[in-house]
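Morning, everyone. Please bring up the model, and we'll walk through the ligand site.

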Amino acid sequence: MQSEIYCALDTSDIGQAENLAGQLSGQVDGLKIGMEYFYAHGANGYRKLANAQMPIFLDLKLHDIPNTVAQAVHALAQLEPRLLNVHGGGGAAMMRAAADAAAQASDSGLAPPTMLAVTVLTSLAEGDLHAMGIKGTPREQVLRLAALARANGMQGVVCSAHEIEALRTEMGDDFKLIVPGIRLAGSDAHDQKRVMTPEQAQSAGADILVIGRAITEADNMAAAAQAIKAGLAAQDGD
Ligand code: C5P
């Protein structure tokens, strides 16, 4: 199966974000908007980017008590993002409340977002988990939280490229795996330490690749996106 590509618009500059969204419309499968943009420009800023008629992954990583997260999901569902996420560390009841709130969007005639859990931030190493009283390796914690997420209504997780295979094996084919940290062969890894090429991530079983700078820093963004898609299509056809 060919992986989709969502381009990360990592900017709080509204003009720049609109320019990126306009240039990438039709060239990638969706856009990812994160905290820096959403906190600066809110729902109105979101709607400006939604004008590009692209599916949007609203990457706000909600984490609070179940009632508060449910209300937040209800509010955000009015914007009809394709994907929305919460922290798996918020626990079973929080994820269930978020999933239920998302599903209720259809009662109001809205398309409910696909709900994702963030498992372990890739900025956390084993020592950081131990300092928080979490035993075992980050990978064990990722698998534990992914199972908890699925059992509580989450439809997928955001994961690092190196966790794709283990998650695919454990969670089966219907669980969505959304993967950042993608780099083109031979290119700058920037601040990403554990990277994979788009083709490697696709063959490991990623559903969606989140790609930022490999597209947004290209001289011709549309051409960069097309080249990545062509590589994925060629591999998928093998
Ligand atoms: O520019 P780059 O391709 O590294 O952008 C990747 C996007 O995915 C950024 O929005 C980044 O914040 C996000 N992300 C990540 N690593 C994670 C989780 C999210 O790079 N583990």
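The ligand sits in the largest pocket. "Sits" means more than half of its atoms lie within 2 Å of the grid points. A pocket, on a 1 Å grid over the protein atoms alone, is an open set of points where a 1.4 Å probe fits, with protein on both sides within 12 Å along at least five of seven lines; lining residues have an atom within 4 Å of a point.

Ground rules. This is a predicted model, where local features need pLDDT of at least 70, side-chain atom pairs count only at pLDDT 80 or more, and totals for chains, interfaces and linings use all residues. Numbering runs from 1 along each chain as its sequence is written, and side-chain values use heavy atoms, without hydrogens or water.

Now the polar contacts, meaning N or O pairs within 3.5 Å. Arg213 puts a polar side-chain atom 2.7 Å from a ligand oxygen. Gly212 uses a backbone N or O atom, 2.8 Å from a ligand oxygen. Lys32 brings a polar side-chain atom to 2.9 Å from a ligand oxygen.

How much of the ligand does the protein bury? Alone, the ligand exposes 460 Å², and the protein buries 79% of that. Those areas are Shrake-Rupley, with a 1.4 Å probe.

Methods: A polar contact is a pair of N or O atoms within 3.5 Å; within protein, one must be able to donate a hydrogen and the other to accept it, and residues adjacent in sequence count only if both atoms are side-chain atoms.
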